[in-house]
Amino acid sequence: MISYMINHIPVLIVIVPLCGAVLCPAISHFSPSAGKRTVIGALLAAFCMSIIQLASVIKAGEAFHYWLGGWQPPYGIEFVIDGVNGIIIVLVSFIGFMTALFSSPFEEADKEAPFRSAGYYSILCFLVIGLLGLSSTGDAFNLYVFMEIVALSGYGLIAIGEKKGPIAAFRYLLTGTIGASAYLLGVGLLYSATGTLNMADLAIRLREVDNMPVIVMAMACLIVGFGIKMALFPLHGWQPAAHSYAHPAADPMIAGVMIKIPAYAMFRFFFCIFDSSLPMMKTIFTIIGIMAVLGILFGSLKALRYDKFNKILAYSSIGQVGYIALGFSIGNFYGIAGAVLHILSHAFMKTGLFYTSAAFKYRYGIHYTDQLGQVYRKMPVTCGALVVLSLSMTGLPPFAGFFSKWYLALGAIQNGQYLYVAVLIISSLLSAIYFFRIFERLFMGEKTVTEPESDAHEGTAPGLEVPLRMLIPIGFAALMVIALGLGNSFIVNGILKTTVMGVL
Amino acid sequence: MEKKKIIGAAVIILAAVAAVIWAPDILPAVGDAESPVNSYLSTYYIENSLEDTGAHNMVTAVLADYRGFDTLFETCVMFLAGITALMVLSSTAKVDKSQREIQEPYKASFSGTVLDTAFRVVVPIIVIYAFYVFAHGETSLGGGFQAGALLAIAYMIDRIIPNFNNSLGNMTEEAAAMTAGVGVFIYILTGLLPMFNGGNFLQYEKLPFGAEHAAELHSTGIIMIEIGVVVCVMATIINILEVVLERTEFDD
């Protein structure tokens with residue numbers, strides 16, 4: 001029975017949360033808090049299953065294939081789980097579960113309007129489902145469908161955020177639609193050249209295609225599509241506003257994970273599908289590298305300009321996504337390992353930082369860094385996590401951020417691309433500046449906040465700075481950054497090596 | 001917007017258009033039997049879809065069976081659109097119901113024979129047609145999405161002609177969203193049932209019903225997911241309609 005269940009785990013990871021998401025409104029009609037408990041429970045189940053899946057993929061040493069509807073690919077759709085996306089699925093489901101837990105104090109079940117929290121949880125759960133499906137699928141069109149689910153739930157979560165949320169969401173809607181269309185156009189061109197949509201089959205049949213203009217055009221469309229979705233410079237226009245004004249509790253998921261998974265999808269297209277020995281691949285990687293370098297510098301410089309906590313984090317994300325793209329453009333084992341490690345470590349760092357930002361908003365309504373003065377006396381755990389996560393962002397060992405940059409630098413040196421190493425160092429120094437400015441305000445600034453009225457945080461147990469349901473995710477984000485830093489060699493050599501070496 | 005930005009955008013668009021116009025022949029000619037699109041997967045679908053799925057229409061076979069997993073998430077997109085519309089507009093206050101009572105002089109203009117007859121004749125036909133499209137969906141083009149939209153239209157006519165005072169009953173926006181969720185759940189359940197019988201997700205031939213041929217089970221599976229799609233699409237359209245109507249002031 002157990003082994004039978006393990007065979008179905010790839011699809012159950014997506015379907016169990018889906019059941020929670022669609023039944024949440026109906027359940028909460030009968031009991032206001034049961035709906036949100038269903039979603040949290042379903043996401044916890046998905047997280048447990050993703051761990052089992054990763055363990056069995058590592059044990060088996062080869063990729064899992066799950067044929068949906070029992071149709072043999074390329075006639076039907078398949079899920080393919082290998083070491084790289086196995087670990088990314090663990091990441092998505094873990095952060096999804098943590099964020100659902102974290103949202104709980106923001107969306108207390110209200111007997112008067114039970115639908116408000118049910119609707120929020122349903123949309124949040126759909127965001128997680130979309131990201132899980134995006135990482136699992138082995139079919140180019142199925143990837144588009146999941147991309148739509150991610151985008152649509154993202155629009156919703158941004159629009160129900162702060163006052164400027166609807167405008168930010170509308171902007172993202174316009175840009176995101178262009179991105180999705182560009183992706184679809186790229187897939188359409190590949191389909192016209194090969195007649196198939198299955199990724200493994202595409203890879204085989206593209207080797208025989210001699211119509212180069214189609215492939216080049218498809219690549220251009222895919223770079224634009226994924227670039228918009230992952231907010232790669234200069235296609236980042238929607239990102240700062242969307243990340244600053246989204247629903248505070250869902251923001252960690254949006255800022256931390258939503259822009260990383262398209263980066264993984266890009267890896268899949270450019271390394272697993274396209275023939276990396278093609279002569280023009282070098283040009284394509286150089287173009288991605290230029291976009292990445294400009295994005296890293298632009299994001300770091302822009303982040304210096306702002307006083308709003310979320311804006312600083314959002315612009316820093318543009319730079320950090322640049323690192324991931326840089327890893328792909330380096331294109332050797334260390335570059336890709338660094339990029340995948342950076343997807344993981346930056347997901348925890350940015351999610352954790354947005355958790356702390358949401359905790360400040362929840363307790364004191366703080367939006368700007370100059371209001372942070374002496375807050376650490378009242379919120380020691382949150383501020384401790386903030387320090388750990390920020391130090392990791394600037395790339396200090398032994399935190400995770402250091403090791404992903406280390407691998408990127410190793411890869412760049414191996415290829416003789418010393419410019420990339422210089423850019424890595426400069427941007428680390430710049431990020432040190434903007435994070436130490438936050439520390440300066442936090443530890444040396446004048447105390448400006450006053451204790452809010454007691455009803456603002458009635459869910460908080462006495463002696464705690466914020467409710468336990470928020471403290472646990474904050475603590476875990478900081479712990480995971482340390483754990484990833486210490487365990488980086490296991491991830492790179494034990495999990496990523498077999499898969500990444502297989503595609504190079 | 002500044003002039004510079006507009007000029008920049010125009011240059012990029014023109015360059016893209018020029019690239020498309022001057023690009024060499026990158027797409028195969030329409031109807032080219034030798035092109036990869038027409039000679040690879042399509043051949044398999046044309047030769048085997050009737051035998052595999054029992055669906056006489058190949059589009060339905062691909063949509064609901066070979067790629068049924070995509071259609072599940074397309075249905076989810078509908079549900080998500082409805083619930084997002086509800087959440088985004090939930091901060092806008094609803095119009096007071098007493099304000100919406102139709103004034104006496106206007107009432108006369110909506111109780112005309114034409115509207116009354118039209119309603120009595122049109123709505124039943126639409127509903128019957130919806131059931132026809134749904135039941136026929138497995139063998140011909142169409143199916144769940146269209147049938148759901150038709151049922152929603154029947155409700156919509158009833159709802160927006162003020163004189164009838166919702167003779168078909170009035171769904172609240174929350175109830176509509178819940179129903180849409182249940183519709184998607186019917187679809188998921190159709191996919192989960194074969195898993196208890198040794199099949200994969202959405203593998204209709206492993207549905208735990210007795211049948212002589214696998215094709216019959218495929219037809220049953222397609223009909224079951226179509227029921228889910230009908231419920232979801234109908235409820236989502238009603239959901240969005242109600243969300244907007246509840247917040248719109250009528251003065252005529």
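In chain A of this predicted model, buried residues account for 62% of the 504 residues. The overall dimensions are consistent with that chain being a compact globule: for 504 residues, such a globule would have a radius of gyration near 23 Å, and chain A has 22 Å, which agrees. Along the principal axes, the C-alpha trace of chain A spans about 70 × 55 × 40 Å.

The secondary structure of chain A consists of 19 helices and two strands.

In soluble globular proteins, nonpolar side chains tend to be buried together. Here, the largest nonpolar core has 256 residues, and Leu124(A) and Ile158(A) have the most contacts inside it. Helix 14 of chain A, residues 333-364, supplies the largest share of this core, at 19 residues.

What does Leu124(A) touch, if we leave aside residues up to four places away in sequence? Its partners are Thr99(A), Ala100(A) and Ser103(A), then Leu157(A), and finally Ala250(A) and Met253(A).

I now move to the contact between the chains. On the chain B side, 44 residues are in contact with 49 residues of chain A. The elements of chain B that each give two or more residues to this side are helix 2 (36-39), helix 3, helix 4, helix 5 (68-89) and helix 9 (173-192). Which of the elements gives the most? That is helix 5 of chain B, with 15 residues. By residue type, the side of chain B that touches chain A divides into 31 nonpolar, eight polar and five charged residues.

Helix 3 covers residues 41-53, and a straight helix of 13 residues would span 18 Å at 1.5 Å a residue, yet the end C-alpha atoms of helix 3 are only 16 Å apart. Where does helix 3 of chain B bend? The bend is at Glu47(B), and its angle is about 45 degrees.

Within helix 3 of chain B, the residues Leu41(B), Ser49(B) and Thr53(B) are buried. The elements covering the buried residues of this helix include helix 4 (58-66) and helix 10 (214-245), both of chain B. After helix 3 of chain B comes Gly54(B), with a positive phi near 75 degrees.

Methods: Residues are numbered from 1 along each chain as its sequence is written. Chains are lettered from A and ligands numbered from 1 in the order in which they are written. This is a predicted model: local features need pLDDT of at least 70, side-chain atom pairs count only at pLDDT 80 or more; totals for chains, interfaces and linings use all residues. Helices (H or I, at least four residues) and strands (E, at least two) are DSSP runs, numbered from the N terminus. The expected span of a helix is 1.5 Å times one less than its number of residues. The bend at a residue is the angle between axes fitted to the seven residues ending there and the seven starting there. A residue is buried if 20 or more other C-beta atoms lie within 10 Å of its own, exposed if 12 or fewer, and partly exposed in between; C-beta atoms are placed from the backbone. Two residues are in contact if their C-beta atoms, placed from the backbone, lie within 7 Å. The radius of gyration is taken over C-alpha atoms; the globule rule is 2.2 Å times the number of residues to the power 0.38. A nonpolar core is a set of buried Ala, Val, Leu, Ile, Met, Phe, Trp, Tyr and Cys residues joined through C-beta atoms within 7 Å. Ala, Val, Leu, Ile, Met, Phe, Trp, Tyr, Cys and Pro count as nonpolar, Asp, Glu, Lys and Arg as charged, and the others, Gly among them, as polar.
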